[in-house]
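Reader: I would like a close look at one part of this model. Start there, then take me on to the rest. Keep it short.

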Amino acid sequence: MSNAFFRGRRLRRTPTIRAMVRETPALAAADLIMPYFVVETEDAGFRKEIGAMPGQYQLSLQSLKEKVGAAVANGLKAVILFGIPAKKDALASEAYNPNGIVQMAVRMLKSAWPELYVITDVCLCEYTSHGHCGMLTPEGEVQNDPTLDLLAQTAVSHARAGADMVAPSDMMDGRVAAIRGALDAAGFTQVPIMSYAVKYASAFYGPFREAAESAPACGDRKAYQMDPANTREAMREALADIEEGADCIIVKPAGPYLDVMRQVYDNFDLPVCAYQVSGEYSMIRAAGLNGWINEDAVIMESLTGMRRAGAKMIITYFAEYLLEKGLVR
């Protein structure tokens, strides 16, 4: 038989040769960012499993410290924090309270583990009584420009508490410029901004609403988050945030938008972060718990797909698990 036809199997015969020719670098602990939900509560031992996200929890400060400590011992390098305050109001005042729940969590974590990289989600939805990411008009419309100052105050308060990076997720126009200006004016020129520049109005966020207690009391977020049908719009959003001073770009959700992630990677010379969101986690977890899939293999394949599409960093609720099991080192 002629050898003229392609014989790709030659480079697949053994684990060694497959590893030698692998195109996408293996996942490492430094690539993973673990999200945590920290609750303002007087119950020091509070730890409540999130019903729609088996294996994930709302945590008191003390419980957060215990969970993070175990994860750091297993090699965790970075976290992103979401806060759930004891009280909410129309102006999200607890978001920028110097002694708010996220600010306290940042100080605690940086005191315990100075080398742990602490990122904070900058948004108002967990703190507003109406559940939207910005201030509302009496008619219920989210006001863009008046919200920017509150977001900037929030980011500065996180930086003062010791946050290494801030990540605005609100999708207000101009918020990166407002936050960059406020951080610089307050002396935090060294604090980078990882912008949720490409954030879709996705059905995959459902379990997060329970986790962060942030479901809108009225309407939805389609007027400020992106239409899932659009890709060129993602390029405009990313470019705008880069020009305003973003240091990294998040694509959210990750799995259903790998095509968009690749376009962001190909068009902009900034690090790209994939956010494997709550719905992606919950579907894989549920199928794994039911024995319908090889859960570990599916987790690794899904994250490898994100790396292949251009993501250097990945926010994933599986980070703790992967490190604990030694699947990523």
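How does valine 21 count, buried, partly exposed or exposed, and at what relative accessibility?

Author: Valine 21 counts as partly exposed, at 38% relative accessibility. The cut-offs are under 20% relative accessible area for buried and over 50% for exposed, with partly exposed in between (1.4 Å probe, protein chains only). This is a predicted model, where local features need pLDDT of at least 70, side-chain atom pairs count only at pLDDT 80 or more, and totals for chains, interfaces and linings use all residues. Residues are numbered from 1 along each chain as its sequence is written, and side-chain values use heavy atoms, without hydrogens and water.

Valine 21 sits in the loop between helix H1 (15-20) and strand S1 (32-39). Helices (H or I, at least four residues) and strands (E, at least two) are DSSP runs, numbered from the N terminus. With Leu11 and Met20, Val21 makes a nonpolar surface patch of about 300 Å². Patch residues have over 30% relative accessible area and no salt bridge; nonpolar side chains are joined within 5 Å, like charges within 9 Å. A salt bridge puts a side-chain nitrogen of Lys or Arg within 4 Å of a carboxyl oxygen of Asp or Glu. Areas are Shrake-Rupley values with a 1.4 Å probe; for residues, only the protein chains shown count as cover.

Another loop residue is lysine 312, between helix H10 (295-309) and strand S12 (313-316). Lysine 312 is also partly exposed, at 42%. Beyond four places in sequence, lysine 312 contacts Asp31, Val272 and Arg307. Contact means heavy atoms within 4.5 Å. Its C-alpha atom is 6.4 Å from that of proline 271, 41 residues away along the chain.

Now take a buried residue. Threonine 120, in strand S5 (residues 117-122), has 0% relative accessibility and so counts as buried. Its contacts beyond four places include Ile80, Val102, His158 and Met165.

Next, the rings. The structure holds nine aromatic pairs. Rings of Phe, Tyr and Trp (its six-membered ring) pair with centres within 6.5 Å; planes under 30 degrees apart are stacked, over 60 edge-to-face, the rest tilted. Phenylalanine 82 and phenylalanine 208 pair edge-to-face, 5.3 Å centre to centre with 80° between the planes. Phenylalanine 82 is in strand S4 (residues 78-84) and phenylalanine 208 in helix H6 (residues 206-212), so the pair ties together parts 126 residues apart in sequence. Phenylalanine 82 is buried at 2%. Phenylalanine 208 is buried at 8%. Both belong to one aromatic cluster, whose members include Tyr196.
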